[in-house]
Amino acid sequence: MPDFPAHASPGFPPMQAPKPKRNVSEFQLDTNPADPSSVAPPLVSPSLTPPTTPFANGQRPDRQPRAVPVPEPSSENAEEQGALLEKLPHVECAVRARIPTTTGQEMWLHLYHNDVDEKEHLAIVFGPHIRSRSLDALRPGETERDRMIRGAYVGTLYPGRTSSRLEAIRKDAGVSSRPSSGYLAALNGSPGKKQEAESDTSSVASGYPDDLGPAMVRIHSECYTGETVWSARCDCGEQLDEAARLMSLPMPTPASTPGSEIGENDAHRAAMKLPSAGGVIIYLRQEGRGIGLAEKLKAYNLQDLGHDTMEANLLLRHPGDARSYGLATAMLMDLGLDGERGIKLLTNNPDKVRAVEGPQREVRVVERVPMIPLAWKTDGKSGVQGPEVERYLSTKIEKFKHMLSSG
Ligand SMILES: [Zn+2]
């Protein structure tokens with residue numbers, strides 16, 4: 001984000017009186033409307049947020065985020081599950097490309113087409129382990145060059161490369177199936193990149209490695225105002241940055257998990273910039289909770305007239321939240337993140353947890369990592385601030401039942 005003057009905020013008043021904190025295991029994701037006591041989400045007000053939250057400023061760069069386990073759905077909410085989209089959309093990864101980023105971390109931008117809308121939804125993939133099945137699949141009549149142009153190659157592109165597959169390159173060169181790292185480095189045109197080349201080859205055979213546990217996933221809906229034009233009406237830009245940062249952390253070790261003490265080795269590890277475990281941000285083109293930019297701007301005017309986000313949407317005859325996540329489920333499956341092992345979802349939104357799992361629980365959310373607003377974690381020293389974002393976050397909590405709690 002560019003350095004843009006934020007709305008001045010005098011201090012950082014607590015949003016509302018703290019409620020008793022509940023143990024996460026007793027918290028039901030799908031609340032029972034007949035029982036009003038089950039509706040209240042656990043809340044941690046800014047004043048109660050512990051000062052040692054895992055990733056506040058100045059903390060260890062390799063510190064992993066704190067995750068909370070997500071309980072299996074009960075038979076009660078299986079009915080609600082049935083109310084979700086019955087059939088998942090069909091998605092196909094049309095193209096991917098390597099994007100070096102301004103933070104130094106490389107990511108792979110995957111562009112998807114689908115059969116339910118005309119939009120180009122995206123998967124922002126960190127780390128070498130996550131690959132798209134539909135991208136890698138052979139397409140009739142295509143040449144090796146076609147495959148490389150649409151991004152269906154292994155390893156790294158370099159001037160003069162003729163095959164999308166490392167195996168074929170090795171064979172042509174008469175090299176055994178396990179070439180020396182020097183050979184691979186030469187192939188990739190950069191002697192310093194030997195480690196990267198090796199991790200790429202291993203990733204193709206194995207997919208997301210078992211020992212990394214569930215992959216980290218964020219489902220993010222496009223927000224032009226918050227991500228591009230410095231809006232302080234919401235915290236979307238900040239959340240996108242934070243998700244990217246977490247997915248760029250070095251691979252987890254027992255010592256880098258919350259609750260452990262810092263050791264010399266860990267500091268050394270962090271300084272060495274070891275490869276990250278990676279993850280994926282599914283970036284859905286559903287601006288303004290799905291209502292589009294024009295309608296969102298009208299909603300902003302209604303907010304300035306005194307209505308909150310949800311009321312404004314309803315006054316414009318839109319549902320409070322028009323987003324759907326079937327596309328995200330289908331894209332996660334295409335990226336090989338379906339199945340037993342499950343994923344670790346970065347979210348405060350309880351509805352999102354079940355919504356991304358799909359009608360048959362094709363994708364399983366086994367852990368949830370809360371996204372605490374930066375301004376709360378840093379006592380108002382950084383992060384999006386101002387009266388508008390305060391109101392937005394309190395609406396999120398009260399009306400959308402987000403769980404802005406580290407559990
Ligand atoms: Zn936003």
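This note sets out points on the fold, the core and selected local features of the structure above.

1. Basis of the model. The model is predicted; local features need pLDDT of at least 70, side-chain atom pairs count only at pLDDT 80 or more, and totals for chains, interfaces and linings use all residues. Residues are numbered from 1 along each chain as its sequence is written.

2. Overall composition. The protein chain holds 16 helices and eight strands; these are DSSP runs numbered from the N terminus, helices being H or I with at least four residues and strands E with at least two. Of its 407 residues, 34% count as buried. A residue is buried if 20 or more other C-beta atoms lie within 10 Å of its own, exposed if 12 or fewer, and partly exposed in between, with C-beta atoms placed from the backbone.

3. Contacts along the sequence. Two residues are in contact if their C-beta atoms, placed from the backbone, lie within 7 Å. Among contacts with a separation of 6 or more in the protein chain, 68% join residues 24 or more positions apart.

4. The nonpolar core. A nonpolar core is a set of buried Ala, Val, Leu, Ile, Met, Phe, Trp, Tyr and Cys residues joined through C-beta atoms within 7 Å. The largest one has 61 residues, and A123, V217, V280, I282, A328, M331 and L332 have the most contacts inside it. Leaving aside neighbours within four places in sequence, A123 is in contact with H110, Y112, V280, I282, M331 and L335. In soluble globular proteins, nonpolar side chains tend to be buried together.

5. Helix α8. This helix has twelve residues and reaches 17 Å from its first C-alpha to its last, close to the 16 Å expected at 1.5 Å a residue; the expected span is 1.5 Å times one less than the number of residues. Its residues E238, Q239, L240, E242, A243, L246 and M247 are buried. Their cover includes β4 (121–126), β5 (215–221), α7, β6 (279–284), β7 (343–346) and α15 (374–377).

6. Helix α11. Residues 293–304 form α11, which also has twelve residues and a reach of 17 Å from first C-alpha to last, close to the expected 16 Å. Just after α11, G306 takes a positive phi of about 110 degrees.

7. W230 has a phi near 60 degrees and lies in the loop between α7 (224–227) and α8 (236–247). W230 counts as partly exposed because it has 15 C-beta neighbours inside 10 Å. R317, with a phi near 65 degrees, is found in the loop between α12 (309–315) and α13 (326–334). R317 counts as exposed because it has 8 C-beta neighbours inside 10 Å.
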